[in-house]
Amino acid sequence: MKVSAAALVALLLVPARAPPEAHLDAVPTTCCFTYHQRPIPRRLITSAYITSSSCSQPGVIMVTKKELCTDPRAGWVQAQVQHFQSLKN
């Protein structure tokens, strides 16, 4: 019974984003199913990347101590993406 309770707790703690999946081209893909709603301070973000077009809905992953799925249509997300793209150029 203790094992079942521990397994249930572990499943409930899994974040609402898909784990990397194996594809034929061997490139892992992370997809978002829910979005982090609050703006993330730029000083906490180390990088950002757009999810694969093969995902069911678009997303931008903001990398902090964690990877957070964000809505690419949100203004604050677009500003962060532009910031990180300008750093690459």
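Start with the sheet. Select the three strands: they form an open sheet in the order β1-β2-β3, with antiparallel pairing. Strands here are DSSP E runs of at least two residues, helices are H or I runs of at least four, and both are numbered from the N terminus. Two strands pair if DSSP finds at least two bridges between them. Now look at the edges: β1 (47-50) and β3 each have a single partner strand, so one side of each is left without a neighbour in the sheet. From one strand to the next, the twist averages 25°.

Before moving on, note that this is a predicted model, where local features need pLDDT of at least 70, side-chain atom pairs count only at pLDDT 80 or more, and totals for chains, interfaces and linings use all residues. Residues are numbered from 1 along each chain as its sequence is written, and side-chain values use heavy atoms, leaving out hydrogens and water.

Zoom out to the protein chain. Its elements run α-β-β-β-α from the N terminus on. Of its 89 residues, 29% are buried (under 20% relative accessible area with a 1.4 Å probe, protein chains only; exposed is over 50%, partly exposed in between).

Next, select β2 (residues 60-63) and β3. Four bridges join these antiparallel strands. Val63 stands opposite Glu67 in β3.

Axes are lines fitted to C-alpha atoms, for helices over the stretch in contact; angles run from 0 to 180 degrees between N-to-C directions.

Now show Ile40, Ile45, Ala48, Val60, Met62, Leu68, Ala74, Val77, Val81 and Phe84. These ten residues make up the largest nonpolar core, a set of buried Ala, Val, Leu, Ile, Met, Phe, Trp, Tyr and Cys residues joined through side-chain atoms within 4.5 Å. α2 gives the most to this core, with three residues. A second, separate core has five residues, including Cys32, Ile61, Val63 and Cys69.

Center on Val60. Leaving out residues up to four places away in sequence, Val60 touches several residues, among them Ala48, Leu68, Pro72 and Val81. Contact means heavy atoms within 4.5 Å.

Finish at Asp71, in the loop between β3 (67-70) and α2 (75-88). Is Asp71 buried or exposed? Asp71 is buried, with a relative accessible area of 18%. Its side chain reaches the backbone nitrogen of Arg73 at 3.0 Å. Beyond its neighbours within four places in sequence, Asp71 is in contact with Tyr35 and Val77.

Definitions and conventions
A polar contact is a pair of N or O atoms within 3.5 Å; within protein, one must be able to donate a hydrogen and the other to accept it, and residues adjacent in sequence count only if both atoms are side-chain atoms.
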